[in-house]
Amino acid sequence: MTTQPRTEKGQQTQAKLLATALECFATDGYKASSMRAIASNAGVSLSHAYYYFKSKEEIVAQLLLNLRREQYDLCAGMLAEGNTLEANIRAVLDTGVEALAPYHDFGPAFLRLMLARDMGNDEISGIELEIWEKVVSGSRPLPPLGIRRDLPKFLLLVSRQIFSAWAFDQSPQQRRSRLLMKNMAPVAAKFAVLCRLPVVRSLFEDVLALMDPGPAGIAEVSLADPSPLRRPKAS
């Protein structure tokens, strides 16, 4: 991930570079926006810009990290202990859309970061997993003991599958993928309850293994070039 500034001035410079980069992406597109142009528009030297962000990809990674932190804060007051599993799943999906919706055009690049384990995205994944751990631990009744440990990871992987649909959804206001999110919460909750049955628990383990192929499998994933990134200008 990016270099974390130790001083307030450094934090301000990094924030300025991030904001300037987003303006450049919105105006000129991702591919045409060079690090030199971003640094120039931000009023800093190119070497200074590279100190905070080694590439445009790191800028996008920092944006996604900031949005996941925002989602975490949004979830804080919604994942109260005693909610049903369905309610907690729905809360996470809704806050995820709320945080990410203004940057829908960055969806393919965000997805690439999530899947590419060589992009230094451990902190992003850690925040996501912690959110899903809160979903499971705070649900009442608690999910079956046999799947409780692995359920947060399962829900994380399912949510990323849904996110991939959202990232490429061109329907108005991403209506199709939002409907998918709405329907996914009760299905996942019912599936968790059914995992009390040994045969369904075995199916859960098989599905989890298929969804998480490990570092080798994920490293081979090749997504479309995220070059046409363009965030709509504010009206």
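**Close-up views of cysteines, ring pairs and charges over rings**

**View 1. Cys24 counts as buried, at 5% relative accessibility.** The term buried stands for under 20% relative accessible area, exposed for over 50%, and partly exposed for what lies in between (1.4 Å probe, protein chains only). Cys75 also counts as buried, at 3% relative accessibility. The structure shown is a predicted model, in which local features need pLDDT of at least 70, side-chain atom pairs count only at pLDDT 80 or more, and totals for chains, interfaces and linings use all residues. Residues are numbered from 1 along each chain as its sequence is written, and side-chain values use heavy atoms, with hydrogens and water left out. A search of the whole structure for disulfides (cysteine sulfur pairs within 2.5 Å) finds zero.

View 2. For Phe, Tyr and Trp (its six-membered ring), rings pair with centres within 6.5 Å; planes under 30 degrees apart are stacked, over 60 edge-to-face, and the rest tilted. Phe106 and Phe110 are both buried. Ring pairs also place these two residues in a cluster with Phe25, Tyr30 and Tyr103.

**View 3. Phe154 and Phe204 form an aromatic pair whose planes stand at 45 degrees.** With the ring centres of Phe154 and Phe204 4.8 Å apart and the planes at that angle of 45 degrees, the pair is tilted. Phe154 belongs to helix H9 (residues 151-167) and Phe204 to helix H11 (residues 198-211), so the contact ties together parts that are 50 residues apart in sequence. Helices are DSSP runs (H or I, at least four residues), numbered from the N terminus. Phe154 counts as buried because its relative accessibility is 7%. Phe204 likewise counts as buried, at 2% relative accessibility.

**View 4. The charged end of Lys56 sits over the ring of Tyr30.** The distance from this charged end of Lys56 to the centre of the Tyr30 ring is 4.6 Å. A charge sits over a ring if NZ of Lys or CZ of Arg is within 6 Å of the ring centre and within 35 degrees of the ring normal. Tyr30 is also one of the residues in the cluster of ring pairs.

**View 5. The charged end of Arg68 sits over the ring of Phe163.** Here the charged end of Arg68 is 5.9 Å from the centre of the Phe163 ring.

Key: Helices (H or I, at least four residues) and strands (E, at least two) are DSSP runs, numbered from the N terminus.
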